[in-house]
Every structure is written in structure tokens, then in C-alpha cells.
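Work through the exercises below with the sequence and the model open. Each task is followed by a solution in steps.

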Amino acid sequence: MAYTSTAPNLSFPFKQPSPLPPSDHHHIRRHTLRFTTTAASSSPLHHSNDPNKNKPQIPPPSAAPAAAIVDTTTTTTSRFADDQPRKGADVLIEALEREGVRHVFAYPGGASLEIHQALTRSKLIKNTLPRHEQGGVFAAEGYARSSGRVGVCIATSGPGATNLVSGLADAMLDSVPLVAITGQVPRRMIGTDAFQETPIVEVTKSITKHNYLVTDVDEIPRIVREAFYIASTGRPGPVLIDIPKDVQQQLAVPTWTRTVNLPGYTARLPKSPETSQLEQIVRLIYQSKKPILYVGGGSLNSSEELRRFVDLTGIPVASTIMGLGSFPCDHDLSLQMLGMHGTMYANYAIDNADLLLAFGVRFDDRVTGKVETFASRATIVHIDSAEIGKNKQPHVAMCADLKPALEGLNSILEKRGSQFNLDFTSWREEVADQKQRFPLKYKTFGDMIPPQHAIQLLDEMTQGNAIVSTGVGQHQMWSAQYYKYKNPRQWLTSAGLGAMGFGLPAAVGAAVANPGRTVVDIDGDGSFMMNVQELATIRVENLPVKIMVLNNQHLGMVVQWEDRFYKANRAHTFLGNPANEEEIFPNMLQFAEACGIPAARVTKLGDLKEEMKKMLESEGPYLLDVIVPHQEHVLPMIPSGGGFKDAINEGDGRSLY
């Protein structure tokens with residue numbers, strides 16, 4: 001059901017000669033929850049609110065989510081006297097400073113020039129200049145994913161704004177708190193097909209949690225305050241602020257808003273869990289013989305509480321790709337990843353469990369496969385703030401943030417104490433037997449480097465403590481399988497959207513947010529080339545990002561599907577030079593050389609450890625081009641639409657199917 005706002009939808013259509021659009025209609029979309037604004041704060045803005053999707057939960061900046069008025073003030077010292085007029089662009093930058101922003105990823109253009117001029121006057125905010133707007137939004141995501149803070153990117157109008165689209169969609173699907181700011185043509189020119197005009201509010205309304213078109217300079221403080229609150233509360237997500245150039249140039253004396261007053265929005269935020277529901281879940285745990293935890297991105301902010309819950313119950317843990325690190329992958333009770341390319345033992349446990357505790361998940365199709373057969377023997381308990389019943393109907397549902405829910409469950413379990421011992425020993429032994437019988441495995445062929453081994457070696461040499469970003473494809477799945485993440489926010493990947501080119505710029509954002517940490521981009525040659533220009537950013541900023549390219553000269557995951565389902569017919573998946581297939585093309589080392597980044601290539605298994613050591617010990621950025629065979633397949637594999645019994649656990653591209 002959709003809920004309409006009492007405030008009119010004032011988004012600009014493509015053809016609208018007047019700067020003020022019509023206000024007598026609403027755009028109603030499926031899964032849309034609109035919220036109201038108070039009369040005092042209503043202004044020409046566009047609401048594009050939260051579809052019912054949920055993953056990582058970012059704690060609210062301050063008061064309880066159910067409160068309509070929230071103070072999110074950060075103390076700063078203004079560069080201006082209280083009554084001194086300043087440009088709208090300066091108001092914007094000071095508003096960002098007041099939100100605690102210290103890093104942005106901004107690429108300038110004509111419609112955002114005023115914003116960049118104001119950035120040069122800020123003593124608090126540093127801009128990391130990407131070499132493409134998509135690199136900027138992915139870097140802002142890497143910053144947000146690795147730190148839990150709101151990422152900020154800025155682009156100009158027209159093509160600059162549309163280059164943000166993939167990143168906004170990615171942040172929406174993976175619940176990443178993001179504020180994207182775009183310049184826009186002057187108000188009088190909106191709707192005239194002006195140079196570099198794109199109605200970016202209309203373009204992005206279905207892939208943002210909320211967005212605004214600013215038509216009054218006096219509204220900037222309120223809008224920025226609301227944008228950060230909306231982006232970081234409930235199910236986090238991207239918020240877009242579109243600011244016409246003449247609004248950036250207007251002079252104003254700002255009134256700084258200390259509070260957020262969004263009663264319609266806050267009323268829909270999840271409430272505190274009820275004790276009676278928590279006690280019902282505990283009873284189900286005590287009644288079960290084969291319970292399993294299925295945890296997702298919604299558990300990333302509840303890692304400590306999750307670990308305590310496992311300590312108290314002894315229940316094995318299977319994770320989605322988004323939830324990796326919320327529970328240590330090297331723990332005895334970790335079954336690692338479940339789903340299409342999950343471990344056989346994780347999928348076995350789900351298939352045989354009598355109680356499924358689904359915490360912070362959405363029952364994604366890459367997890368469930370054939371949804372009717374997923375956990376078909378289990379009573380399903382689902383705790384989430386937005387995803388209840390969307391893809392799989394639970395038997396017990398709790399619409400709540402996971403952190404307070406786990407705190408409540410742990411409190412009940414602790415009060416019961418040792419007099420009510422839980423004993424799932426036989427179930428754990430059954431699952432452990434599956435671990436022994438069906439471990440993750442790969443073969444070696446002479447001197448060739450198995451890509452799985454390269455990631456396993458990286459895990460050993462970094463002791464599982466690196467922040468790892470990836471592109472999308474086989475290398476992404478192997479990175480999920482063979483690197484043992486110990487903590488949340490170590491693992492940065494485009495999970496829901498599957499956006500190639502994510503890994504390198506995401507590593508940029510992670511390095512900016514986490515100085516002193518080891519940041520490694522594990523990439524495929526196809527994904528790496530999609531945003532290779534960000535090597536220049538890494539060099540200029542001297543970010544110590546390590547880049548390990550698993551180079552198989554192919555689009556590996558598509559090749560795997562060609563092998564399995566299309567009789568190995570190659571349909572434009574070879575990325576090398578057809579005129580000389582023996583040549584490594586393009587030469588990744590020359591990309592690095594062009595940007596002054598040290599690089600090496602390794603082709604033999606016996607040389608890998610020494611070359612990887614050299615990469616990790618280098619002080620600045622480093623690129624290691626690891627040549628791997630294209631015949632390798634990511635296994636296990638449950639074909640799309642299949643179930644656990646359809647799992648494939650043998651074979652590669654050296655065989656015909």
C-alpha cells in the first residue's frame with residue numbers, strides 16, 4: 001500500500017516552462033511510504049521515500065526514532081558573523097560542517113562551481129577529487145560502508161548528475177547512508193532544455209530514499225539537516241539535494257535548524273521491541289532441536305550483540321554476502337556465506353533446520369533460490385525494520401531495529417541463566433560433519449595460480465584484518481568465500497546492484513575514512529578497467545591502496561554461465577586482443593605506470609607469496625597483476641531458481657556440460 005503526503009509533490013517534469021511546477025497531483029509508487037512535512041517547513045521539494053528494503057542499520061544521530069523532533073546538531077565555529085549575508089553555496093558548506101562532514105568526493109562543473117568555490121573557503125572539509133563522478137559516488141559509498149558515517153558526493157548538473165545514478169541505485173539496494181548534492185541550471189531555465197540540464201530529481205526518484213529540489217536559499221539549513229537524518233535513520237539510504245546555480249549565488253543570513261521535525265517519517269520508523277514478542281522467540285529457541293541463524297546487512301551495527309547471542313545459545317551462524325563480518329568468519333560456529341555461491345554446509349543447515357532466526361535480512365533471491373523450498377522444514381522468525389513478509393512469510397515477525405531486539409533477547413537469556421541450559425551439541429556435530437565432508441576446495445594445475453589461493457594467501461598475510469573492496473564477478477564471490485572477515489565494515493562490495501567498477505573507487509573512500517588501515521581492492525580485469533581512472537586519484541592523494549587484479553582476460557562469471565548453460569559458446573566475454581590471444585592485454589602495469597604507481601605481474605604459483613609480500617609492505621599504493629586461468633568456476637553453485645538439492649559442487653571450464 002502507498003501512503004500519500006499532505007504536502008504536494010512539486011517535482012519538475014521534463015517540459016516545464018515555469019520555475020514553479022504544478023502541485024495538483026501525486027506520483028504514487030508501489031512500496032512507497034511518503035511522509036508529511038509541517039506547514040511551517042513545507043517548500044518546493046520532491047519526496048521520494050523509502051521502499052520497504054532493509055540492510056545495514058545506522059543508529060540515529062540522537063533521540064529515539066519515534067520522536068518527531070530530533071536534535072542532530074554538531075558544534076562548529078562559523079566563518080561568518082551571525083548577521084553577515086553569505087552565498088547559498090557557503091550556507092550549504094557550513095550546513096555540511098555542522099553535520100560533522102569532514103570529507104567529500106566532489107567533481108566540479110559549471111552548475112556546481114559556486115559550491116566548489118565555497119569548499120575552498122572551508123577549513124574543515126577536505127575534497128578528494130575523483131576522476132569521474134561515478135568514481136566519486138562509489139568512493140562516498142566506500143567511505144560510508146567502512147565507517148558507518150554518511151558519505152557525501154557532489155556533482156554538476158546534466159551528465160555530472162546522471163553519472164551518479166549507478167551509485168545511488170547501489171546505495172539504495174545495499175542500504176548505504178549517502179547524501180548526493182548536484183548543481184542544477186538556474187531556476188528560470190528549468191524545463192527549457194538548457195545546456196547541461198537534466199531533471200535529476202525525476203531521474204532518481206525511484207532509486208533514492210528521498211530527494212529535494214531547493215528553490216529558496218533560506219531552506220538550505222533545514223534541507224541539509226533533514227537529508228542527513230533521513231539518510232542515516234531507519235533503513236539507511238541515499239538522499240539527493242539538487243540546488244540551482246542561482247540559489248547557490250543568492251545572499252542570505254541562515255537560520256540554523258537545530259531540530260528535525262518529520263512526524264510522518266518518524267512515525268514509520270521501527271518501534272522498540274515488545275517483551276512479549278522477545279519471550280516468544282526465546283521459547284521457540286528452547287523448543288527447537290536444530291536452530292540456525294541467518295544474518296544479513298542489518299546485523300552490521302549489532303555485531304557485539306549478535307556475538308553475545310551466539311555465546312549464550314550456541315546456535316550456528318550463516319551469513320548473507322552483505323552480513324559478512326558481523327560474526328567472525330573464522331569462528332567455529334560460523335558457516336560463512338549461504339545462498340547461490342554459499343558453502344554446502346551453510347545451505348545444508350538452512351535446509352535441515354527446524355528454527356530459522358532471520359536477523360536483518362530480506363530473503364533475497366540469490367539467497368533463497370526457489371523460495372518455496374527455502375528453509376521449508378523450519379519455523380521462521382524474522383526480525384527486521386522494513387522487510388517483513390516481502391519475499392517469504394515468517395511464522396513470527398518483529399518489525400524492529402535488530403540492535404535493541406538482540407539486547408532484549410540477550411537480557412532474557414542471561415536472566416534464565418544456567419538453570420535453563422540450551423544444548424544443541426548433536427546439531428552442531430551434524431553441521432560440523434558437513435563442514436568436513438564438503439569444505440570449500442579448489443584444484444591446482446602446475447604453475448598456474450588458482451584465484452582462490454591468491455585470496456586465501458592474502459587472508460593469511462593480512463591475518464584477516466584488511467578492509468577489502470571488490471568489483472563484481474567471480475573474484476567477488478571468491479573474496480566472500482576465502483577471506484575470513486573478523487569484523488563488520490571490513491567487506492565492501494556491490495551486493496544488490498552488482499555494479500562492476502565498484503572496487504577501486506570504494507577502496508579510495510575506505511582509505512580516506514580509515515587512515516592507517518590496510519585497504520585492498522581485489523578486482524577482476526573487467527571490473528578494474530571500468531573505473532581505472534581512479535588510479536590518478538589514488539596517486540595524487542597518496543592513498544596506500546593495494547590493488548590485486550585477478551586477471552583472467554575474460555568476464556569470468558559470464559564465462560562460467562556460458563560453460564554451464566550455453567555449451568561454452570563465447571559471446572563477447574573475451575577481454576583480451578583477439579589478434580594475439582597469448583598476449584596479456586591490456587597491460588595493467590602500464591595503467592599503473594601512467595599514474596606513477598608501482599606495479600608487478602605474477603604468473604607462477606611459486607612466485608605469488610613473495611610478490612604479495614612486496615605489495616603489502618609497500619608504503620604507498622601498489623598494483624599486483626595476478627594472471628589466473630579463465631577455466632575456474634565459483635563453486636558451490638545453486639542454479640538460478642533452484643534449491644539446495646540442485647547444488648553443483650564439481651567441475652570447471654575444462655569440461656563440457
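**Exercise 1.** Classify P85 as buried, partly exposed or exposed, and list its contacts.

Solution. P85 has a relative accessibility of 48%, so it counts as partly exposed; buried means under 20% relative accessible area, exposed over 50%, and partly exposed in between, with a 1.4 Å probe and protein chains only. P85 lies in the loop that connects β1 (69-71) with β2 (86-87). Helices (H or I, at least four residues) and strands (E, at least two) are DSSP runs numbered from the N terminus. With neighbours within four places in sequence set aside, P85 contacts L251, A252 and V253, where contact means heavy atoms within 4.5 Å. The C-alpha atoms of P85 and Q250 are 9.3 Å apart, although 165 residues separate the two in sequence.

The model is predicted: local features need pLDDT of at least 70, side-chain atom pairs count only at pLDDT 80 or more, and totals for chains, interfaces and linings use all residues. Residues are numbered from 1 along each chain as its sequence is written, and side-chain values use heavy atoms, with hydrogens and water left out.

**Exercise 2.** Classify N514 in the same way and find what it touches.

Solution. N514 sits in the loop between α18 (503-513) and β19 (519-524). Its relative accessibility is 13%, so N514 counts as buried. Not counting residues up to four places away in sequence, N514 touches S146 and I467.

**Exercise 3.** Describe how α10 and α14 cross, and which residues make the contact.

Solution. Start with the geometry: the axes of α10 (residues 275-287) and α14 (residues 402-416) come within 10 Å and cross at roughly 60 degrees. Therefore α10 is oblique to α14. Axes are lines fitted to C-alpha atoms, for helices over the stretch in contact, and angles run from 0 to 180 degrees between N-to-C directions. Angles under 35 degrees count as roughly parallel, over 145 as roughly antiparallel, 65 to 115 as roughly perpendicular, and the rest as oblique.

Next, the residues: α10 contributes L278, E279, I281, V282, R283 and Y286, and α14 contributes A405, G408, L409, I412, L413 and R416. Sorted by type, the contact of α10 with α14 has eight nonpolar residues, one polar and three charged. Here Ala, Val, Leu, Ile, Met, Phe, Trp, Tyr, Cys and Pro count as nonpolar, Asp, Glu, Lys and Arg as charged, and the others, Gly among them, as polar.

**Exercise 4.** Which strands pair with β22, and is β22 buried or exposed?

Solution. First, the pairing: β20 (residues 545-551) runs parallel to β22 and is joined to it by six bridges. Two strands pair if DSSP finds at least two bridges between them. K546 has Y622 of β22 as its bridge partner.

Second, the burial: six of the six residues of β22 (residues 622-627) are buried, so the strand is largely enclosed by the rest of the structure. In a regular strand the side chains alternate between the two faces of the sheet. In β22, Y622, L624 and V626 point one way and L623, D625 and I627 the other.

**Exercise 5.** Determine how many residues of α17 are buried.

Solution. Nine of the nine residues of α17 (residues 474-482) are buried, and the helix is mostly covered. Among them are H475, W478 and Y482.
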